[in-house]
There are 2 protein chains.
Amino acid sequence: MTAEIICVGTEILLGNIVNTNAAYLANQCAALGLTCFYQSVVGDNEKRLLDLVHLAMGRSDIIIICGGLGPTQDDITKETVAKAVGLDLVLDENSAQRIREYFEKKGTKIAENNWKQAMIPVGAMVLNNDNGTAPGLIVKHGDVSIILLPGPPIELEHMFEESVKPYLMKLENGVIYSQTLKLCGIAESTVDETIADLESEGNNPTVAPYAKHGEVHIRVTAKAEDEKAAKKLCKPVVRELKSRLGQNIYATHEQDTLEGAVLNLLIANHLTICSAESITAGMIAARLVSVPGASETVKSGFVTYSNKSKRKLLQVKKSTLEKHGAVSEETVREMLKGAAALTKADVVIATSGEAGPEPSENKPVGLVYIGCMICGQMVVKEYNFNGERNKIREMTTTNALMLLRSCVLEYYSEKTFGKQDN
Amino acid sequence: MTAEIICVGTEILLGNIVNTNAAYLANQCAALGLTCFYQSVVGDNEKRLLDLVHLAMGRSDIIIICGGLGPTQDDITKETVAKAVGLDLVLDENSAQRIREYFEKKGTKIAENNWKQAMIPVGAMVLNNDNGTAPGLIVKHGDVSIILLPGPPIELEHMFEESVKPYLMKLENGVIYSQTLKLCGIAESTVDETIADLESEGNNPTVAPYAKHGEVHIRVTAKAEDEKAAKKLCKPVVRELKSRLGQNIYATHEQDTLEGAVLNLLIANHLTICSAESITAGMIAARLVSVPGASETVKSGFVTYSNKSKRKLLQVKKSTLEKHGAVSEETVREMLKGAAALTKADVVIATSGEAGPEPSENKPVGLVYIGCMICGQMVVKEYNFNGERNKIREMTTTNALMLLRSCVLEYYSEKTFGKQDN
């Protein structure tokens, strides 16, 4: 079955709020196996909303409309939907009673316009609102179900969970299950070439790669009669992807992050880490600490933004800075050594680079050195990033995490880590 | 003129990502005085996208479409729009050259499918992408402008700012000029009460406050025949706002940031700064360094996440940590003193707090101490933040910047800073 989502609200059209309701509803629909081809936003305007509801009735089985059920004059969603399907509004005694109780409990007087919320299209199913005054509604018109939900997320989400989900589960046969693989250290175009044969439309499961924050994600989505069968369909495809893309895959679940993967790898190997950051100035440490449990491995870090601080805090030699500059492999090597000597951390990650906007020391904007040292062995890599200052700093941070990950894996697998490099 | 926004992407329809691009574009359109009646989302499907583009061409003057410009097979936005307006695709040599340079600079091989991105509808205007490979496009069809932008926010926002905004400003007759005042250290409701008389609808300029990331912004928007006239209308209102809200205003332009305001204040007073961060673990230093010119004032910083690193790097006393805990005013005072003694920085900012998810040391999640020391005088404040781990860390960072700003202002104005506190 197909569903579509319509959000009503001028504040969304003006960009004053981000439309998180659409994301919530879309996610819930996908989890229920409903195919969602359209999301739309319109303002509180009768003609435009009416046109959109008519359009949606011609192309979707289920229409979820949120917002515009409140007590004020410009809340017109219910009235417009009633008009679209040719139904009159009548007073719903139960809803009137709930509104009365809601205000009694709050101890405040009921403004007259609240009674508008107890009017419902003849024959509509009423969905109780446990967190507010406006009830939700389900209006059937032929084979189409139109579901009206209040706009405030706390009211909408609770009502969806309690009333809409059971209703939709009865309507639907079958579910959708999807699994996300996350990759780093590889371009989207390379991933696409490697797995092009698995991406054909109409496959079940479908395979779709997309670029995200300098990483690549691959989503595998299966349809089946129940979750177990859908998972079973995904399994061989995920296995095939793993065999083709190997260590570039750092996570196999949507909620996993690169910093989480790195942190868990460090914890699993009982390694402590220290950062020595120039161009990233704390971003690497901050991302690692964003993961709960970071205190098991992240102990300390240095922001050595000036040359003086590189010398004073990390014992980088004055001659090195003069001869090679701060943005150089040599300086990063001494930053690694200095931080390791001072903190006795097992792993040190260090960055130095030119973020711009203007080049300095004759080094081009975007030139970055990232170094990783594990138990005395080190690797330093050169990078050239495009973009403006903070894009370069973010790319440096992400690539530092990727380098950390690959160095730890290499150190523990083949023990060749850093050998040719020292 | 009317605009509408179409976002293309299966990941939005599946609810895997929140559609922040729509909010960004809507906000920008509103600021330019464009009336936006519709936002839509469709997947990477030719028929449905084609239908939607046709529908939009019949009802809006400007259609902004984002997403689906990348190199992979399922990126079909450009091809579909070309079909909708009946144009062939031809190779754009400039775009091909930019793609070549992009990969050369990165030092990676160009996968064959990347050249697809250099194909453009005949006669289309090309918008350079400074942060990625897919160029943007503007296709004129009769009176309708169709604007195609890449999906990644960092590429889209930069391209909008650099190329789309100037294009739209030329299209619009009469201009809208809007100026944003940014405030910190004051609640939205207090701002609202203070300026309620200026907020009446129908005024020119309009005055609208809104809360954003723990700050309050006020947008003053005037309509006039040209920018000069619109600016003239804004001027007395901005002056009035400044006189009512005084030092809580840290910036008077949309592009100004809190970290930029703090950095400029430090530079103007020839102060160097050092950070000593526990709960924020580098976030304060990273935000300060995000501003070009940071090297004039940010010299060094410490991430002292473990108790051992607080003792070893900043000389916090073992007895202080045992008696008061790491999350305490006393520990933050010693972090300030330790960092100042070591680096001789004029200003030190320090944080320690409980980010959760679980409380430790019997301190509740959300309890945070932030300290600021200027030339030997110090202030430490206690905060209690709500929300999950990284919300607490972000609130701490923002409040540390606010504290920095108010401490420097106080230090140089009345010289009462830190007096009652030491």
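I began with B:L336, and, leaving aside residues up to four places away in sequence, I found that B:L336 touches B:V348, B:I349, B:A350, B:G371, B:C372, B:M373, B:M378 and B:V380. I keep in mind throughout that this is a predicted model. B:L336 is among the residues with the most contacts inside the largest nonpolar core, which has 44 residues, and the others listed with B:L336 are A:F302, A:L314, A:L336, B:F302 and B:L314. I also noted a second, separate core of 42 residues, which includes A:A285, A:V298, A:I374 and A:V408.

Next I turned to helix α13 of chain A, residues 329-343, and checked its length: at 1.5 Å a residue its 15 residues should span 21 Å, and because the end C-alpha atoms are 21 Å apart, the two values agree. In α13(A) I listed A:T331, A:V332, A:R333, A:E334, A:M335, A:L336, A:G338, A:A339 and A:A340 as buried. Just after α13(A), I saw that A:K344 takes a positive phi of about 60 degrees.

Last I looked up A:E259, which lies in helix α9 of chain A, residues 258-268. Is A:E259 buried or exposed? Its relative accessibility is 12%, and buried means under 20%, so A:E259 counts as buried. I then asked which side chain A:E259 joins in a polar contact. The partner is the side chain of A:R287, at 2.9 Å. Not counting residues up to four places away in sequence, A:E259 touches A:L288, A:S290, A:V291 and A:L401 as well as A:R287.

Note on methods: Residues are numbered from 1 along each chain as its sequence is written. Chains are lettered from A and ligands numbered from 1 in the order in which they are written. This is a predicted model: local features need pLDDT of at least 70, side-chain atom pairs count only at pLDDT 80 or more; totals for chains, interfaces and linings use all residues. Side-chain values use heavy atoms; hydrogens and water are left out. A nonpolar core is a set of buried Ala, Val, Leu, Ile, Met, Phe, Trp, Tyr and Cys residues joined through side-chain atoms within 4.5 Å. Buried means under 20% relative accessible area, exposed over 50%, partly exposed in between (1.4 Å probe, protein chains only). Contact means heavy atoms within 4.5 Å. Helices (H or I, at least four residues) and strands (E, at least two) are DSSP runs, numbered from the N terminus. The expected span of a helix is 1.5 Å times one less than its number of residues. A polar contact is a pair of N or O atoms within 3.5 Å; within protein, one must be able to donate a hydrogen and the other to accept it, and residues adjacent in sequence count only if both atoms are side-chain atoms.
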